[in-house]
Amino acid sequence: MENGELGTEQRARTQAPKLLPFLGTLILYFSLVRRDPQGELWTTVLKCLPIVALMFYVVAKGFSLKKEYRRSLWILLGLIFSCGGDALLNVNLFPFGMISFGVAHVFYVSAFGWKPVKWLIGCGLYVVVSLFVYFVHQKLDEILIVGVPIYCFLITTMLWRSLARAVDARSFLTVFCAIGATLFVISDALIAVTMFMGVPLPGARLQIMITYYAAQFAIALSTADDGPAAPDQRSFRKKTK
């Protein structure tokens, strides 16, 4: 197992040049977008560019429609719908943006898989999210009162599957991906706290976007070990799927 972990860590490090576009677009966004966007086209483009750069990474590091790259395909689709969600949220179409991100989480769940199940993790997460929905439901309008619980269920399922995979495999990429999934939930929780509960967080946009981009980066990087494996890594990779 140690050889497998070493192989995935080394493979992850070799991806650095393909991640330079992500770093560049990240710097552009945080350098140029200094205040809360008001639906401008240029802020929408800048907000989406880091996710587009992660799409580029998933394809550039090695990609095909073969079974060996199935996880890359699901995560690429998740990134595409995330990008759509970013654009819709930036132009103040929150319900449609939430739907787009909900679809993204369905693809992420498909990427992480359902084995092992780890029911205890899932039940614990669903109890927490149910309490959250209970506290915020009175502050939701007619559309969001249905959409928010569904979205919370989807993102919680995404977190559950990533944690279950990480606990079972305990490799660098699966653990890092689970950290990313956790950051995704934190980012969305910050949106909910400021938008639905009216809590004035200092630097709310920065907190939301930093955790969001870090989350998507970790999820995209988890595809670094996709593709045909070396003979000494095949047995290890079976555990991570």
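Predicted model: local features only at pLDDT ≥ 70, side-chain atom pairs only at ≥ 80, totals over all residues.

Trainee: What does Ala104 touch, apart from residues up to four places away in sequence?

Mentor: Gly78, Phe81 and Ser82. Have a look at Ile155 too: Ile155 is 51 residues from Ala104 along the chain, yet their C-alpha atoms are separated by 9.3 Å.

Trainee: How far apart are the end C-alpha atoms of α5?

Mentor: They are 27 Å apart. At 1.5 Å a residue, the 19 residues of α5 should span 27 Å, so the two values agree. After α5 comes Gly113, with a positive phi near 80°.

Trainee: Let's zoom out. How many helices and strands are there?

Mentor: The chain has 10 helices and 0 strands. Of its 241 residues, 47% count as buried.

Trainee: What about contacts between residues at least 6 apart in sequence: what share joins residues at least 24 apart?

Mentor: That share is 76%.

Trainee: Now the middle. How many residues are in the largest nonpolar core?

Mentor: There are 53. Ile51, Leu79, Tyr108, Met158, Phe184 and Tyr213 have the most contacts inside this core. The elements that each supply at least two of its residues are α2 (20-32), α3 (41-60), α4, α5, α6, α7, α8 and α9. α7 gives the most, with 9 residues.

Trainee: Which residues does Leu79 contact, leaving aside neighbours within four places in sequence?

Mentor: Leu79 is in contact with Ile51, Leu54, Met55, Val58, Tyr108, Gln216 and Ala220.

Trainee: Switching topic: how much space is in the largest pocket?

Mentor: About 1,000 Å³. Its lining has 39 residues, and Phe94, Asp188, Ile191, Ala192 and Ile208 lie nearest the centre.

Trainee: What's the lining like by class?

Mentor: It has 27 nonpolar, 7 polar and 5 charged residues.

Trainee: Which helix gives the most to that lining?

Mentor: That's α8, with 9 residues. The buried residues of α8 include Phe184, Asp188 and Ala192. Asp188 and Ala192 are also among the residues nearest the pocket centre, while Phe184 is among those with the most contacts inside the core.

Trainee: Does the span check work for α8, or what does it give?

Mentor: The 24 residues of α8 should span 34 Å at 1.5 Å a residue, and the end C-alpha atoms are 35 Å apart, which agrees.

Trainee: Last one: Leu173, buried or exposed?

Mentor: Leu173, which lies in α8, is buried, with a relative accessible area of 3%. Thr223 is 50 residues away along the chain, and the C-alpha atoms of the pair are separated by 8.2 Å.

Technical notes. Residues numbered from 1 in each chain as written. Heavy atoms only, no water. 1 Å grid on protein atoms, 1.4 Å probe; cavity = no way out; pocket = protein on both sides within 12 Å on 5 of 7 lines; lining within 4 Å. Points joined across faces, edges and corners; volume = space filled by probe spheres on them. Helix = DSSP H or I, 4+ residues; strand = E, 2+ residues; numbered from the N terminus. Nonpolar A, V, L, I, M, F, W, Y, C, P; charged D, E, K, R; others polar. Expected span 1.5 Å × (residues − 1). Buried < 20%, exposed > 50% of the residue type's maximum accessible area, 1.4 Å probe, protein only. Core = buried A, V, L, I, M, F, W, Y, C linked by side-chain atoms within 4.5 Å. Contact = heavy atoms within 4.5 Å.
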